[in-house]
Amino acid sequence: MKKKVAVIGAGFSGLSAAAYLAQAGCDVHVYEKHTVPGGRARQFDTVEGFKFDMGPSWYWMPDIIESFFLDFDCSTADFFELVSLNPQFEMIFSSGQISVPESYPELNQLFEQIEPGAGEQLDKFMEAAKFKYEVGMRDFVNKPCHNWSEFLSPKIALSAFKLDLLSNFRSYVAKYFKDQRLRTLMEFPVIFLGASPKDIPALYSLMNYGGYALGTHYPKGGFFQLVLAMQQVAEKQGVTFHFDHNVAGMRVKNNTISSLEINGVYHDYDVVVASADYHHIETLLDKEFRNYDEDYWKTRTFAPSSLIYYLGMKSPIPNLTHHTLFFEHPLDDHIECIYGEKKWPQNPLFYACCPSKTDPNVAPANTENLFLLMPLATAISDDEETREKYLIHMLKRLEKHTGSNMLYEQIVYKRSYCVSDFVSDYNAYGGNAYGLANTLKQTAVLKPKIRNKKVKNLFYTGQLTVPGPGVPPSIISGKIVAKEAIELLRKL
């Protein structure tokens with residue numbers, strides 16, 4: 001008889017874990033409280049004809065994503081068309097802008113034009129970043145991180161010095177480049193890891209390689225196409241999905257989860273994999289069965305929350321690319337508002353995504369699909385009046401950059417999403433958007449454990465555990481946990 005496994009949540013880590021568990025012969029059931037899969041990567045349509053991805057929009061590290069599909073004898077190309085963006089994105093500074101080209105040789109020339117000698121320095125930086133990427137994304141991040149002994153393999157031990165695990169990213173970048181714009185350009189990718197560059201290990205220069213060298217891509221139809229593709233892979237393995245099903249409780253007997261309360265009914269399972277918010281899942285357990293108490297979570301460094309606006313514009317916006325980063329003000333000032341003062345920023349940095357520049361299917365003809373995102377501190381008040389104030393601020397800067405006028409009056413669809421929405425929709429601790437920050441003190445075995453220490457058949461996966469935040473790491477997280485769960489099931 002097949003072992004029964006419940007996966008709580010249909011985000012990327014849950015989809016990944018479910019597919020691998022079913023491939024191993026388990027009877028897998030995924031319970032998702034929303035009506036569709038994807039978690040933060042859901043998508044919604046409007047009556048006006050706009051199609052909005054709700055979360056992830058940067059398709060980086062395509063080889064890591066592709067490796068998931070290769071494990072199931074298929075390819076992303078079997079499900080969607082992947083477009084390489086050119087330019088990859090634009091970054092706006094007070095002194096001008098930098099457009100990051102698709103071609104690495106052109107990127108090298110751009111660096112050289114901005115700072116003599118920076119082209120050669122970029123080659124050195126990327127050579128080291130490629131090494132970190134190949135070791136880090138294929139060896140380092142694939143560990144379950146029960147203890148440090150996992151990292152004593154000859155390959156990792158010999159590579160330890162070159163991985164720059166103990167130096168911080170800001171100092172590392174400064175060794176290569178003097179121009180502040182180039183430094184900011186190189187520091188930008190680690191913002192996805194949820195902390196200041198001065199608190200992120202230099203190991204994560206691998207992000208620069210995974211983005212700038214391997215390119216920035218877009219799946220036609222939106223990022224949700226990746227979600228649907230992974231769901232199809234899982235279903236082909238035999239996974240059953242249950243939408244509009246909320247897991248509200250767990251019964252523990254003899255240090256084992258005996259059943260889950262789902263929509264008011266109890267169901268028995270041999271193993272439970274929690275892809276939902278780690279802290280929230282722990283609150284479903286009696287205190288004596290939790291891995292961590294409230295004091296633990298209060299002392300963690302969380303990645304930011306975000307203010308997001310989904311906007312349908314009634315006419316095209318000129319001089320705007322698919323991805324645009326507005327960095328006219330100092331990065332550290334905004335970061336201090338997130339991690340230090342915990343307040344709304346006075347001079348915010350923000351990001352604009354306009355997928356209709358690449359994909360005509362996400363907006364009606366002669367209109368524009370516009371997604372605005374501003375990183376925020378967690379657990380702060382986010383009333384509608386404050387949200388609206390920052391929307392107007394962002395649109396004014398967008399007008400200045402594009403030469404447009406009266407963008408606010410061009411809005412035909414508007415929806416905001418902020419801290420309290422992350423809490424209500426995802427039970428996200430403090431309303432975080434990206435999980436637990438990848439700081440040095442929260443890396444590898446220092447992250448929350450993937451196994452419950454007191455309940456032997458409960459596992460955790462996703463951005464609050466190893467390897468960390470981001471789409472590729474979440475997919476890897478699901479694979480790591482599936483392997484651990486399969487080993488346990490073989491012993492039962």
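Q: Which residues of H4 meet which residues of H8?
A: From H4, Phe125, Met126, Ala129, Lys130, Lys132 and Tyr133 meet Leu206, Asn208, Tyr209, Gly210 and Tyr212 of H8; contact means heavy atoms within 4.5 Å. The model is predicted: local features need pLDDT of at least 70, side-chain atom pairs count only at pLDDT 80 or more, and totals for chains, interfaces and linings use all residues. Residues are numbered from 1 along each chain as its sequence is written, and side-chain values use heavy atoms, with hydrogens and water left out.

Q: Why are H4 and H8 called roughly perpendicular to each other?
A: The axes of H4 (residues 118–136) and H8 (residues 206–213) come within 7 Å and cross at roughly 105 degrees. Axes are lines fitted to C-alpha atoms, for helices over the stretch in contact, and angles run from 0 to 180 degrees between N-to-C directions. Under 35 degrees counts as roughly parallel, over 145 as roughly antiparallel, 65 to 115 as roughly perpendicular and the rest as oblique. H4 and H8 are therefore roughly perpendicular.

Q: What makes S9 and S19 edge strands?
A: S9 (240–243) and S19 (458–460) each pair on one side only. They belong to an open sheet of five strands in the order S9-S2-S1-S13-S19, with parallel pairing, where the twist averages 20 degrees from one strand to the next. Strands are DSSP runs of E, at least two residues, while helices are runs of H or I, at least four; both are numbered from the N terminus.

Q: How do you know that S1 and S2 pair?
A: Two strands pair if DSSP finds at least two bridges between them. Five bridges join S1 (residues 4–8) to S2 (residues 27–32), so S1 and S2 meet the definition. Val5 has Val28 of S2 as its bridge partner.

Q: Which strands does helix H15 lie across?
A: H15 (residues 471–491) lies across S1, S13 (271–274) and S19, and runs at about 165 degrees to S19.

Q: Why is one side of S7 and of S18 left without a neighbour in the sheet?
A: S7 (96–100) and S18 (411–417) stand at the edges, so each has a single partner strand. The sheet is open, has seven strands with mixed pairing, and runs in the order S7-S6-S15-S16-S17-S14-S18. S6 (residues 89–93) and S7 pair in the antiparallel sense over five bridges, with Ile92 opposite Gln97 in S7.

Q: What makes a space a cavity or a pocket?
A: On a 1 Å grid over the protein atoms alone, a cavity is a set of points where a 1.4 Å probe fits but cannot get out, and a pocket is an open set with protein on both sides within 12 Å along at least five of seven lines; lining residues have an atom within 4 Å of a point. The whole structure has four cavities of 30 Å³ or more. About 130 Å³ lies in the second largest cavity, and S4 gives the most to its lining, with three residues. The largest pocket holds about 380 Å³, and H12 gives the most to its lining, with five residues. A volume is the space filled by probe spheres set on the points, which are joined across faces, edges and corners.
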